[in-house]
Amino acid sequence: MDWKLIAVPVIGAIIGYATNWIAVKMLFRPHKEVRICGWKVPFTPGVIPKGQGRLARAVGHVVEEQLLTREVLEEELLSDEKKQKIKELVSEWLDRQKESEETIKSVAAKLVSEDTVEDLIDTVEEKVTDMIFEKIQEMDPGYMIAEKVLEAAKEKLAESMLGMMIGGSMLEPIAKQVEDKINEYVSEYGRGYVEKLVMEESIHLQQTTAGSVVTAVDGYGLDIPGLVLDQYESIVKTKLPQILDNLHLSKVVEDRINAMEVAEVEELVMSIMKKELGAVVNLGALIGLILGLVNVAILCL
């Protein structure tokens with residue numbers, strides 16, 4: 001047997017395998033530029049380390065412009081499956097809360113920090129107090145009370161001779177003084193009374209159990225899961241474009257890849273394309289083997 005007939009295709013396969021293996025390795029290796037006596041060794045650093053910035057920009061552009069676009073994210077977030085899941089989660093949460101003996105305040109403290117809850121309560125109490133007090137002042141209570149008192153006085157006096165003689169001319173200045181005094185009193189002490197009442201109601205609400213609130217709301221026939229879903233859809237449609245515009249997703253991806261060590265980039269690419277790159281190496285061996293067999297066939301002619 002002529003061993004050359006076997007050796008040629010085997011050597012061709014080895015050369016093809018080794019060539020492609022080296023080519024794949026040179027995608028990443030060496031990680032840094034190599035210099036000998038000040039002379040830069042060709043093909044250093046590897047292809048990907050050398051073009052890491054360009055790769056980062058390209059990946060960032062693809063992610064923002066093709067993979068995670070507004071349309072793609074909106075379609076995913078507003079899919080029927082996602083919306084149904086949200087309604088189910090809200091319904092399950094409401095069912096659990098119906099049996100809860102926790103207070104509204106303690107439930108809120110689990111969602112955010114206790115300090116945040118306290119700050120929110122203080123803010124709401126102050127705003128409600130200001131709103132109610134402003135409405136009371138707009139009603140002009142002094143004028144309303146003085147008018148009623150004046151009408152009642154006129155009716156009483158109209159039944160007597162003295163009242164008919166006095167008439168309304170003497171009563172109106174008195175009513176005006178009453179009006180001014182009442183408005184002055186309301187301006188000075190009214191907000192304090194309102195604040196006291198608001199705080200009492202606030203404390204009562206804070207101590208109310210979540211179960212009683214959910215049950216009461218449910219009794220009104222409100223579709224809480226539906227309302228939550230409506231708000232979710234509205235937020236996705238109105239806020240998602242702003243979030244993506246402010247996020248600059250391509251820049252985030254680019255900066256993240258540029259911040260990675262070359263070894264990390266290599267590990268990332270290999271985790272995605274290890275099988276494909278292995279197939280390229282094996283394909284080199286196959287092509288080398290085929291070319292070797294072709295050479296043998298030519299020599300045998």
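In helix α7, the residues Val117, Ile121, Glu125, Thr129 and Phe133 are buried, where buried means under 20% relative accessible area, exposed over 50% and partly exposed in between (1.4 Å probe, protein chains only). This is a predicted model, so local features need pLDDT of at least 70 and side-chain atom pairs count only at pLDDT 80 or more, while totals for chains, interfaces and linings use all residues. Residues are numbered from 1 along each chain as its sequence is written, and side-chain values use heavy atoms, with hydrogens and water left out. Helices here are DSSP runs (H or I, at least four residues), numbered from the N terminus.

**Helix α7 and what comes after**

- Helix α7 covers residues 114-138, and its 25 residues should span 36 Å at 1.5 Å a residue; the end C-alpha atoms sit 36 Å apart, so the two agree. The expected span is 1.5 Å times one less than the number of residues.
- An α-helix has 3.6 residues a turn, so residues three or four places apart point the same way.
- After α7 comes Asp140, in the loop between α7 and α8 (141-157).
- Phi of Asp140 is near 55°, a positive value in a residue other than glycine. For background, most residues other than glycine have a negative phi.
- Asp140 is partly exposed, with a relative accessible area of 25%.

**Salt bridges**

- Side chains of opposite charge can pair when their charged atoms come close. The rule used here asks for a side-chain nitrogen of Lys or Arg within 4 Å of a carboxyl oxygen of Asp or Glu, and by that rule the count is seven salt bridges.
- Arg70 and Glu74 make one of them, at 3.6 Å from N to O. Both lie in helix α4 (residues 70-77), four residues apart, or about one turn of the helix.
- Arg70 is partly exposed at 39% relative accessible area, and Glu74 is partly exposed at 21%.
- Lys135 pairs with Glu138 in another salt bridge, with the closest N and O atoms 3.9 Å apart. These two are three residues apart in helix α7, so about one helical turn separates them.
- Glu138 counts as exposed, at 60% relative accessibility.
- Arg191 bridges to Glu195, and here the closest N and O atoms are 3.8 Å apart.
- Arg191 counts as partly exposed at 26% relative accessibility, and Glu195 is partly exposed with a relative accessible area of 35%.
- Both sit in helix α10 (residues 171-206), four residues apart, so Arg191 and Glu195 are separated by about one helical turn. Salt bridges that share partners join Asp130, Arg191 and Glu195 into one network.

**How α5 meets α11**

- Two packed helices are described by the angle between their axes and the distance between the axes.
- Helix α5 (residues 80-98) packs against helix α11 (residues 210-219) at an angle of about 120°, with axes 7 Å apart. Axes are lines fitted to C-alpha atoms, for helices over the stretch in contact, and angles run from 0 to 180 degrees between N-to-C directions.
- That makes α5 and α11 oblique to each other. Under 35 degrees counts as roughly parallel, over 145 as roughly antiparallel, 65 to 115 as roughly perpendicular, and the rest as oblique.
- On the α5 side, Leu94, Gln97 and Lys98 meet Ala210, Gly211, Val214, Thr215 and Asp218 of α11, contact meaning heavy atoms within 4.5 Å.
- By class, this contact of α5 with α11 has three nonpolar, three polar and two charged residues. Ala, Val, Leu, Ile, Met, Phe, Trp, Tyr, Cys and Pro count as nonpolar, Asp, Glu, Lys and Arg as charged, and the others, Gly among them, as polar.
- Glu99 lies in the loop between α5 and α6 (104-111) and counts as exposed at 65% relative accessibility.

**Two more residues to look at**

- Met260 is found in the loop between α13 (249-259) and α14 (262-300), and is buried at 14% relative accessible area.
- Leaving aside neighbours within four places in sequence, Met260 is in contact with Gln52, Val265 and Leu268. Met260 and Gln52 are 208 residues apart in sequence but 9.5 Å apart in space, C-alpha to C-alpha.
- Leu77, in helix α4, counts as partly exposed at 30% relative accessibility.
- Not counting residues up to four places away in sequence, Leu77 touches Lys82, Tyr232, Val236 and Leu240.
- Leu77 and Glu134 are 57 residues apart along the chain, and their C-alpha atoms are separated by 43 Å.
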